[in-house]
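Biologist: Please take one part of this model and go through it closely, residue by residue where that helps. State the cut-off behind each term as you use it.

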Amino acid sequence: MIPCRHCDGTGFVHGADDLEIETTAISLRMACEANGKSVFGDDRVDEKTAAWLIGKAPDTLRNWRMANRPITFSKFGGRVSYRLNDVARWMIETGAPG
């Protein structure tokens, strides 16, 4: 398999500033808390919350995973979760509103 020319197969485009990512992740966490959305202790959110944060339907995230172009995610016991830093990085690198 040939790695993506944009991210070298990592899922991340090089160049996003770590401070900007962390600041955005903090804003995402605060938005979740202000709107009654759960954030797990390890700064992960479920699929529905991640979709809400980026303004997409949960089905869109599922489709992206199937098309192998997702935001980095984890799957434990059949449940999908997203780290807020990964959601923040995706938002910054794609220019998604946040």
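Modeller: What follows starts with the sheet and then turns to the helices around it.

The model is predicted, with pLDDT of at least 70 required for local features and 80 or more for side-chain atom pairs, while totals for chains, interfaces and linings use all residues. Residues are numbered from 1 along each chain as its sequence is written, and side-chain values use heavy atoms, without hydrogens or water.

Three strands make up an open sheet in the order S1-S3-S2, with antiparallel pairing. S1 and S2 are the edge strands, each pairing on one side only. From one strand to the next the twist averages 40°. In general, the strands of a sheet pair through backbone hydrogen bonds, either parallel or antiparallel.

Strand S1, residues 44-46, runs antiparallel to strand S3, residues 79-83, over three bridges; two strands count as paired if DSSP finds at least two bridges between them. Arg 44 has Arg 83 of S3 as its bridge partner, and Asp 46 stands opposite Ser 81 in S3. H4 packs on the sheet and touches S1 and S3, its direction making about 65° with that of S3.

Phe 73 sits in the loop between H3 and S2. Its relative accessibility is 31%, so Phe 73 counts as partly exposed; buried means under 20% relative accessible area, exposed over 50%, and partly exposed in between, with a 1.4 Å probe and protein chains only. Leaving aside neighbours within four places in sequence, Phe 73 is in contact with Val 80, Ser 81 and Tyr 82, and also with Arg 65. Contact means heavy atoms within 4.5 Å. The C-alpha atoms of Phe 73 and Arg 44 are 9.4 Å apart, although 29 residues separate them along the chain.

Next comes the helix on the sheet. The buried residues of H4 are Leu 84, Asp 86, Val 87, Ala 88, Arg 89, Trp 90 and Met 91, and they pack against H1, S1, H2, H3 and S3. Just after H4, Gly 95 takes a positive phi of about 75°.

Helix H1, residues 18-34, packs on helix H4, residues 84-94, at about 115° with the axes 8 Å apart. That makes the two helices H1 and H4 roughly perpendicular. Axes are lines fitted to C-alpha atoms, for helices over the stretch in contact, and angles run from 0 to 180 degrees between N-to-C directions. Angles under 35 degrees are called roughly parallel, over 145 roughly antiparallel, 65 to 115 roughly perpendicular, and the rest oblique. The crossing of H1 and H4 is right-handed, where right-handed means that the near helix is turned clockwise from the far one by less than a right angle, and left-handed that it is turned anticlockwise. Among the H1 residues that meet H4 are Ile 21, Ala 25, Leu 28 and Arg 29, and the H4 side includes Leu 84, Val 87, Ala 88 and Met 91. The residues of this H1 and H4 contact divide into eight nonpolar, two polar and five charged. Ala, Val, Leu, Ile, Met, Phe, Trp, Tyr, Cys and Pro count as nonpolar, Asp, Glu, Lys and Arg as charged, and the others, Gly among them, as polar.

Arg 29 belongs to helix H1 and is buried, with a relative accessible area of 18%. Not counting residues up to four places away in sequence, Arg 29 touches Glu 22, Val 39, Asp 43 and Leu 84.

The remaining helix pair is H2, residues 47-54, with H3; their axes come within 8 Å and cross at roughly 100°. H2 and H3 are therefore roughly perpendicular to each other. H2 contributes Glu 47, Lys 48, Ala 50, Ala 51 and Ile 54 to the contact, and H3 contributes Pro 58, Leu 61, Arg 62, Trp 64 and Arg 65. These residues of the H2 and H3 contact divide into six nonpolar, no polar and four charged.

Leu 61 lies in helix H3, residues 58-66, and is buried at a relative accessible area of 1%. Beyond its neighbours within four places in sequence, Leu 61 is in contact with Glu 47, Ala 50, Ala 51 and Ile 54, as well as Ile 71 and Tyr 82. The C-alpha atoms of Leu 61 and Ile 71, ten residues apart along the chain, are separated by 8.0 Å.

Conventions:
Helix = DSSP H or I, 4+ residues; strand = E, 2+ residues; numbered from the N terminus.
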